[in-house]
Amino acid sequence: MFDELNHCESFCTVLYFFRKKSFIILSMNYGTIKKNDIANGLGVRVSLFVSGCRNHCKGCFNECTWDFSFGKPFTSEVEDEILKALEPAHISGLSVLGGEPFEEENQETLAPFLEKVRKTFPQKNIWCYTGYVLDRDLCEGGKKYTPFTARLLSAIDVLVDGPFIEAERDLTLNFRGSKNQRILDIKNYPSFSVIN
């Protein structure tokens, strides 16, 4: 049941749901969920496309998700839908892209959700795509480092980082759009290694 619709300081829509005499604050929208995706990581995956991105890369394949209000609210029911979609044995894991998962508003919602995915499905892997650079923007003191960043990174196995640069676009690359982007193994975050 909706109490009221407000806008937080970052202009992100926050919906208040009344449930069991308490409020659940949800602050992220998502554009779509693909339940049998083979383009955004190894194997057959469930892919969540979050809304909101301030990078605005020229030539972005998913420009509609730049808007933080695009799509639908990411609710507990949506979380349950993704967890259910991850159950089959043929699903290798979850991929999170967007939009931009590492926008401050999205980190707060994604960190506990990815921790839940990790706890529920320890045998599956989590890939995440970001236009920010891990060792510049997402490290302590970086422009996108928040109280949730380390938790979010610790729940991820593979991070594809770096902005899409149209001049470096290369269709022969696996799981990335431009040559500057890196595929990083961050299972042992804060240590990481470049896979490709």
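Q: Where is Gly99 placed?
A: Gly99 is in the loop between S7 and H2. Helices (H or I, at least four residues) and strands (E, at least two) are DSSP runs, numbered from the N terminus.

Q: And the peptide bond from Gly98 to Gly99, is that cis or trans?
A: That bond is cis, with omega near 15 degrees. Most peptide bonds are trans, and most residues other than glycine have a negative phi.

Q: What kind of model is this, and how are residues numbered?
A: This is a predicted model, and residues are numbered from 1 along each chain as its sequence is written. Local features need pLDDT of at least 70, side-chain atom pairs count only at pLDDT 80 or more, and totals for chains, interfaces and linings use all residues, while side-chain values use heavy atoms, with hydrogens and water left out.

Q: What is the mean pLDDT of the protein?
A: The mean is 86, and 87% of the residues reach 70 or more. The term pLDDT stands for the predictor's confidence in each residue, from 0 to 100.

Q: Where does pLDDT stay under 50?
A: This happens over residues 1-26, for which the model has 48 contacts beyond four places in sequence. A contact means heavy atoms within 4.5 Å. Where pLDDT is low, the predicted coordinates should not be read in detail.

Q: Back to the fold: how many helices and strands?
A: The protein has four helices and 11 strands.

Q: What is the strand order in the open sheet?
A: Eight strands form that sheet, in the order S6-S4-S5-S7-S8-S9-S10-S11, with mixed pairing. Two strands pair if DSSP finds at least two bridges between them. S6 (72-73) and S11 (193-194) each have a single partner strand, so one side of each is left without a neighbour in the sheet.

Q: Which way do S4 and S5 run, parallel or antiparallel?
A: S4 (residues 29-37) and S5 (residues 44-50) run antiparallel and are joined by five bridges. Asp37 has Arg45 in S5 as its bridge partner.

Q: And S7 with S8, parallel or antiparallel?
A: These two pair in the parallel sense, over four bridges. Leu94 stands opposite Ile126 in S8.

Q: Which strands does H2 lie across?
A: H2 lies across S5, S7 and S8 (125-129), running at about 175 degrees to S7. Axes are lines fitted to C-alpha atoms, for helices over the stretch in contact, and angles run from 0 to 180 degrees between N-to-C directions.

Q: Why is S8 described as largely enclosed by the rest of the structure?
A: Four of the five residues of S8 are buried, so the strand is largely enclosed. Buried means under 20% relative accessible area, exposed means over 50%, and partly exposed lies in between (1.4 Å probe, protein chains only). Across the protein, buried residues make up 48% of the 196 residues.

Q: Is Gln107 buried or exposed?
A: Gln107 is buried, at 0% relative accessibility, and its place is in H2 (residues 104-120). A polar atom of its side chain lies 2.9 Å from the backbone oxygen of Lys144. Leaving aside neighbours within four places in sequence, its contacts include Pro101, Phe148 and Leu152.

Q: What about Asp157: where does it lie?
A: Asp157 lies in the loop between H4 (149-154) and S9, and it counts as buried because its relative accessible area is 10%. Its side chain is joined to that of Arg118 by a polar contact of 2.7 Å. A polar contact is a pair of N or O atoms within 3.5 Å; within protein, one must be able to donate a hydrogen and the other to accept it, and residues adjacent in sequence count only if both atoms are side-chain atoms.

Q: Which residue has a positive phi although it is not a glycine?
A: That residue is Phe175, with a phi of about 60 degrees. Phe175 lies in the loop between S9 (158-161) and S10 and is partly exposed, with a relative accessible area of 22%.

Q: Last topic: how many disulfides are there?
A: The count is zero, where a disulfide is a pair of cysteine sulfur atoms within 2.5 Å. Cys128 is buried at 1% relative accessibility, whereas Cys139 is partly exposed at 26%.
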